[in-house]
Amino acid sequence: MAGLLLICAVLAVLELDTTYWGQVLISRPIVVGSVIGFLSGNFFLGLQLGIFTELIYLDFMPIGGVTPPSGALSSGIAVIMAQYFGLDIYFAFFVGIIGGLAFSFVEKELRRLRTRNLPQIEHELKTNATSAGKVILQSLLLQLLAVYAFLLVCISVIGPAFGSISAKIPEHLHIAFKFSYFVVPWIGLAGLLLSFSAKPKSD
Amino acid sequence: MKNGIGIYLRMFLLQGFWNFARLQNIGMLYIMDPALKRIYEGRMPVYLRAKSRNLETFNSHPAMSGYSIGAMIKQEEKLAEKEGEELLEEEREWRIIRASTANTAASIGDRLFWATLKPLSLVFSFVILFVGQVDILQEEVSTSQSIIAALLALAGSLLIYNIPALIIKFKGLMDSYEGSEDNFYGLINLNWNRMIGFLKVLGQILVLFVIFYAIYIRFRKSSVDPESIARISLLAAFLILSIFMRKLNIPNIFLYLTATIVFSLAAFLA
């Protein structure tokens, strides 16, 4: 359990790179999947889940006010689900995608919260009552805690719930999810081809 | 530029307080603050006025924001020497330069970094994996594959994006500080369209190689039987469907989710 909590902490730190700190792409799914895969004992599983996640999220771009689903959390959650809760890779991928989509709502709320607090913060900055560095540090800490809390919910509620029902999932669903998982790279590669000819999406 | 490295390092926190109202304004103030303190040293009222000014809305691409920041520092140095009507006039100029450089740099950055270099770095990772005989698309993930090739692919995914991003970030800061209206604060020092065009052609060639090689390794051991033909047909259908969805501006994720639901229903009905 301590190892899993540590992995969640690493994942929360990597997720910061998506928007708030760095943007040097250590939060891209191929990297996050591999890192979390390595830490949880199956590097290649993490690499595959990371690449598949990246392919499926390729057409989301963080332009302007868009809050795309979190590829970092999707790949990280998928690896955790496969490694710690025994989900088959195709179910783990699905849960990861849903997790990434769900987090975009949390992200939107965090941005709204910052926007609500902005007039007060701007007033304090204009009167030298605080510094921009301090404001950013608090913002990063809030983001880190929010992501960590989100991951705790995933590993304490969603993981065990899926883990307990996975043995009872009918064979039909295994076939369906397995097939849709293995069309992901082909969907993604077609998208990749078009990304070199299309303009970035604004929304 | 004084303390150029310090400002460069602060640029990594441009989006540290991203908000819907004024986007990157707090991050921009954080980057500009050391320069403002130096320029307005011992002049608290004008320093506070400069801080207020720098809290106005700002939005650019993180890797391209240097093209605004350098120009803004230069403009603050000019503002520090003005008073009265001249100051107001120079502030108007400051706003025009800030908006025009930020918008232009953002547009170039979105096309170069998000729409070209990021996918290109992923394609390079695929090429490295395939050259290293790592079959990452196989149904059972094998742990006995080349770890070196996998690590090189990971390094490639980071370096192909970050080397240009880090260089352009620094070059933008320096060029815009030294620049003027004549060279649009350094933004026309490079031929961006040519660079993007070349990278996109390279990307198209490589991704076609990846698609055909992936099809080859996926089906090289298959015989010509109805099952193989059905599988190839379905994958081809998804390739075409994905292109069609993209043309309609529908993200691929919805194609995956729809496929999952349709396959589940079909599996139950079969």
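The legends below describe close-up views of a predicted model. Local features require pLDDT of at least 70 and side-chain atom pairs count only at pLDDT 80 or more, whereas totals for chains, interfaces and linings use all residues. Residues are numbered from 1 along each chain as its sequence is written, and chains are lettered from A and ligands numbered from 1 in the order in which they are written.

**View 1. The contact between chain A and chain B.** Chain A contributes 70 residues and chain B 68 residues, two residues being in contact if their C-beta atoms, placed from the backbone, lie within 7 Å. On the side of chain B that touches chain A, at least two residues each come from several helices, among them helix 2 (25–39), helix 5 (84–131) and helix 9 (252–269). Helices are DSSP runs of H or I with at least four residues, numbered from the N terminus. Helix 9 of chain B provides the largest share, 10 residues. By class, this side of chain B comprises 41 nonpolar, 19 polar and 8 charged residues; Ala, Val, Leu, Ile, Met, Phe, Trp, Tyr, Cys and Pro count as nonpolar, Asp, Glu, Lys and Arg as charged, and the others, Gly among them, as polar.

**View 2. Helix 3 and helix 4 of chain A.** The axes of helix 3 (residues 43–56) and helix 4 (residues 71–84) of chain A come within 9 Å and cross at roughly 145°. Axes are lines fitted to C-alpha atoms over the stretch in contact, with angles from 0 to 180 degrees between N-to-C directions. Residues of helix 3 of chain A, including Leu45(A) and Leu49(A), meet residues of helix 4 of chain A, including Ala78(A) and Val79(A). This contact has 5 nonpolar, 6 polar and 1 charged residues.
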